[in-house]
Amino acid sequence: MTGPPVPAPPDGPEQPAGHRLLGGVPRPRPAGPEPGTHPGPGSGRSDESGAAHGRGGNASAEGERGAREIGARRPGETERAAGRAAEGRRGESGGRGFGRAPRERRPLGGALRAPRAGRSNALHAGAWWVWALGLATAASRTTNPLLLGMLVGVAGYVVAARRTDAPWARSYGAFVKLGLAVIVVRLVFSAVLGSPVPGTHVLLTLPEVPLPDWAQGVRLGGRVTAEQLVFALYDGAKLATLLICLGAANALANPARLLKSLPGALYEAGVAVVVAMTFAPNMVADVLRLRTARRLRGRPTGGVKAVLQIGLPVLEGALERSVAVAASMDARGYGRTAQVPPAVRHTTTALTLGGLLGVCAGSYGLLAAEGAGYGLPVLLGGFAAALGGLWLGGRRQVRTRYRPDRWGPRAWLVAGSGVVVAALMIRAGTYEPLALHPGVVPLTAPSLPLWPAAAVLVGLLPAFVAPVPPKESSS
Amino acid sequence: MIRFENVSVTYGDAGAPPTVSGVDLTVPEGELVLLVGPSGVGKSTLLGAVSGLVPHFTGGTLRGRVTVDGRDTRTHKPRELADVVGTVGQDPLAHFVTDTVEDELAYGMESLGLAPAVMRRRVEETLDLLGLAELRDRPLATLSGGQRQRVAIGSVLTPHPKVLVLDEPTSALDPAAAEEVLAVLQRLVHDLGTTVLMAEHRLERVVQYADRVVLMPAPGEPSVTGAPADVMSFSPVRPPVVALGRLAGWTPLPLSVRDARRNAGELRTRLEGVSPPARVSGPAARAVDASAARAVDAAAADPAARDGKGDLVAGSGPGAGVRAGRAPAAEADRPEAAGGIERTAPRSAPAGAGAAAASARGLASPAASGPASRRRPGARGRTAALFRWLGRGRSARGGEPAGRPHDPAVLAEVARLGVRHGRIEALRRVDLSVAPGETVALMGRNGAGKSTLLGSLVGMVEPASGTVRVGGRTPHRTPPAELVRRVALVPQEPRDLLYADTVGAECAAADADAGAEPGTCRGLVSSLLPGVADDTHPRDLSEGQRLALALAIVLTARPPLLLLDEPTRGLDYAAKSRLVAVLRGLAAEGHGIVLATHDVELAAEIADRVVILAGGEVVADGPTADVVVSSPAFAPQVAKILAPQPWLTVAQVEAAL
């Protein structure tokens with residue numbers, strides 16, 4: 001009876017996520033059958049929840065209000081209310097999915113439909129990254145603007161369908177803008193600096209800046225051909241697509257959760273990074289607040305001077321806050337370690353250091369001409385030793401993890417779809433190289449190759465299988 | 001459970017005077033103990049010593065012995081006490097390590113290495129206990145103050161500590177959120193037997209829940225421990241309910257409104273028939289009373305009306321003159337009307353008569369205005385519009401053009417103001433106007449839009465709709481250097497205004513910013529904050545001193561309108577009463593003051609008018625007594641005790657007896 005990460009069957013759209021999670025609350029239950037709280041499947045839901053809630057009404061609709069009532073109630077009352085609400089929920093988890101209030105719009109395959117996202121069915125952050133990297137790999141294999149456009153479309157659609165309201169989810173727009181900027185910069189450079197691409201369609205001729213002899217091979221201005229611009233456009237589009245795919249991963253996966261999946265020995269480093277990440281937005285907020293506060297002193301809020309003048313107070317504020325967080329972490333047990341025998345400690349140190357040295361020596365061996373023979377084994381050995389060191393180091397940790405993300409079937413599907421896109425695109429590179437890299441000399445209109453296009457569409461899978469984030473979860 | 005044995009703490013050099021000295025204190029298991037005393041007396045240091053953060057984290061030297069549940073803090077580091085002591089500091093946001101509610105609740109348990117199943121169960125229990133279930137997935141940054149405080153308490157509760165240490169848990173909260181938190185604390189003490197040690201300045205909120213009170217009267221003086229009623233009977237800091245009890249001579253001394261009400265029957269009958277003064281004290285109240293009488297007398301004869309006004313202007317300065325025409329008791333809802341009257345009054349005789357008549361009507365009687373203001377919230381917008389129209393008509397009849405930009409009688413006018421933060425409408429159709437010499441308190445729960453409204457008055461927030469006029473200018477389009485002469489805001493964190501590293505440099509900069517004569521700011525600082533040297537670093541000042549410094553800085557440009565955001569946060573009673581005196585003085589000089597505050601006692605003491613915001617809309621706007629007396633959340637303790645009589649402060653009652 002520990003909280004099962006229920007890959008929950010479909011729930012009604014208006015049901016709050018947190019509420020359903022409570023379905024998994026471990027509560028001691030009497031062994032015998034409980035009339036009223038354990039209705040048989042299909043038994044009337046309304047009377048059951050009516051009994052459980054007393055004055056409640058339909059549990060699924062009232063759950064949220066019930067939870068709110070708890071907050072508002074006086075202490076004496078709260079216990080009973082909590083009990084009542086919990087009963088309602090428990091009853092609901094027993095009778096989930098049955099006899100739900102009549103609701104239209106039940107599309108095909110109810111059980112296969114993506115559930116409402118919550119803590120317990122959250123997709124592993126790694127799955128999103130694998131998916132996004134898969135798309136990015138595919139993008140790096142082609143310059144066909146149609147395929148790249150499809151990749152951007154796929155990533156954008158999935159982001160639109162599955163991103164949350166969280167702050168990190170808003171970074172997607174920034175990545176798209178960055179991508180566009182990359183294309184523009186690439187085009188401008190190509191036009192101004194010229195390009196090795198030979199071309200016959202001269203679009204315009206920029207005034208050429210005469211350069212001294214030592215700068216031979218560099219050209220400023222001059223002819224601008226359609227071919228070179230198209231080539232630059234394709235190239236820029238590829239880079240932009242890569243960036244947008246990374247942006248999608250950023251928007252979809254909670255970075256803090258990803259760091260939490262680190263091995264135990266690296267956990268503390270992970271926490272430090274998480275804390276640092278929450279500090280960046282805080283500092284930005286400080287800068288904004290102090291800049292507007294300058295107005296109160298009758299000073300202009302813009303300009304370099306403003307930023308310089310508030311620099312020190314902002315840093316002081318950040319420092320104070322980090323000291324406060326450090327105090328809080330210390331008082332809450334951060335850094336408690338288990339007693340480990342000195343032998344284990346020394347072994348850990350030796351393994352880690354030796355391993356890292358091995359990795360260094362091994363890579364040197366691999367790269368240098370004369371050491372090819374021993375390079376690989378030393379590298380692998382060093383790697384294994386370092387991993388062993390990490391594992392042993394983890395034994396000093398007493399900390400446990402609260403509800404880590406699990407890699408469930410949906411995570412497999414999401415990650416798998418990305419891998420499939422990448423693999424199919426790489427494969428397509430061998431049998432349809434021309435379609436993936438449409439020629440620019442002579443200029444030809446790019447065509448959409450059927451099979452690679454179909455492969456890209458596989459990347460849409462997460463938009464259907466990943467749990468749906470609740471709408472306007474924070475209001 | 002907690003034992004202090006002859007504890008002294010010294011920060012810095014060995015020669016420095018100890019922050020805390022010779023404290024002997026025992027807190028038995030399952031008690032809620034309240035630590036009381038002025039700022040700087042070492043309360044936070046004592047609290048820190050319980051969790052071991054003092055001296056392990058903060059540095060300094062601790063002499064004597066502190067044991068918690070038998071563990072000596074000298075030999076146990078804070079992290080090794082983490083399973084026994086839960087500590088929540090003053091700012092819950094600084095306490096958070098993770099980014100969502102659920103993770104935050106689990107963090108402490110993760111550190112202690114509890115089994116996942118146990119963690120899961122305790123998180124669910126704590127979510128229910130603190131009423132946080134619907135917030136479980138929310139990012140911490142999006143929570144309101146009360147919610148944050150509850151999450152912070154929850155996050156230290158999950159490891160099931162035996163001792164909970166809280167530093168000012170309710171200071172930053174609105175009254176309702178504070179009650180939420182206190183209800184939770186009481187529940188922990190009663191049901192779970194948790195020992196709670198807490199420091200709090202807002203005694204009126206907490207003293208009734210305490211089992212014992214530890215009074216630290218002044219730095220270096222020995223602490224006194226005892227039952228709350230005993231300690232309160234001689235404590236220099238005390239909530240209004242205790243002050244009233246001492247005034248009326250009730251024994252045993254009541255600590256809660258309920259106890260006091262039981263005793264108050266006799267006091268209520270004594271006060272029957274006596275109506276409280278329109279304003280607590282100060283020249284303003286008297287001036288207003290006088291003007292009212294004159295205005296009524298003068299309604300018949302025009303020249304007399306003008307003379308009356310002239311007298312007042314001569315007698316008590318231009319501020320009072322303007323105030324004279326206003327009828328603070330009942331005019332709150334029609335500032336425009338009042339403004340129109342004031343404008344016309346001194347200039348032409350017929351208009352003067354109109355003004356007098358209107359004032360007389362406005363002042364008819366507080367009793368009549370009571371029900372009217374209760375009716376108002378519903379039809380407020382319409383009424384306001386009507387009166388605005390009436391005001392215009394009247395001034396037009398008086399031969400005055402309406403709506404001139406430089407209207408000396410209205411410092412700030414906000415009409416149908418809407419403000420959006422992204423998708424959230426922070427303010428919707430807000431109307432407000434502030435007259436010289438008037439003190440307006442903005443109240444409402446955290447996030448109701450109080451700070452946004454203040455921000456829009458100083459141009460920090462751009463309105464999405466409606467208009468804001470301050471001194472005839474639109475704030476967000478006015479250059480800051482010019483705006484500081486019209487309006488000043490002391491932000492929630494006065495430190496935001498301080499950039500320099502000495503008080504002297506800060507003052508010099510303020511003079512330069514405001515274009516004032518050198519020494520203006522320093523003069524203000526000396527009057528508001530005597531005994532602070534020029535070379536003091538602003539960070540070394542106490543909360544109250546820093547507030548006074550910020551106040552002096554923004555007053556350097558002599559703005560007629562002064563805004564304060566949560567001025568009493570973190571202030572002890574002494575600092576608060578100094579602030580009250582300063583603000584009253586400013587109002588008497590003719591400054592208009594708007595303060596956003598959760599402190600109902602402060603509002604009762606100085607506000608002429610209370611505006612309550614909820615969800616970005618004005619839900620009540622009227623004279624303090626009318627708005628506040630009937631409200632369960634915003635009524636000061638004296639009003640609760642003496643309801644339905646409209647008494648607000650102990651000083652009022654004292655004056656009447």
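Buried here means under 20% relative accessible area, exposed means over 50%, and partly exposed is in between, with a 1.4 Å probe and protein chains only. The model is predicted, so local features need pLDDT of at least 70 and side-chain atom pairs count only at pLDDT 80 or more, while totals for chains, interfaces and linings use all residues. Residues are numbered from 1 along each chain as its sequence is written, chains are lettered from A in the order in which they are written, and side-chain values use heavy atoms, without hydrogens and water.

I start with Val188(A). At a relative accessible area of 44%, Val188(A) is partly exposed. Val188(A) sits in helix α7, residues 171–193 of chain A (helices are DSSP runs of H or I, at least four residues; strands are runs of E, at least two; both are numbered from the N terminus).

Now the salt bridges, meaning a side-chain nitrogen of Lys or Arg within 4 Å of a carboxyl oxygen of Asp or Glu. Over all chains there are 40.

One of them joins Glu438(B) and Arg609(B), 3.0 Å from N to O. Glu438(B) is in the loop between β12 (424–434) and β13 (439–443) of chain B, Arg609(B) is in strand β18 (residues 609–614), and the two are 171 residues apart. Are these residues buried or exposed? Glu438(B) is buried at 5% relative accessibility, and Arg609(B) is buried at 2%.

Another pairs Asp534(B) with Arg522(B), with the closest N and O atoms 2.5 Å apart. Here Asp534(B) is partly exposed at 41%, as is Arg522(B) at 23%.

Last, a network of salt bridges links Glu316(A), Glu320(A), Glu493(B), Arg495(B) and Arg539(B).
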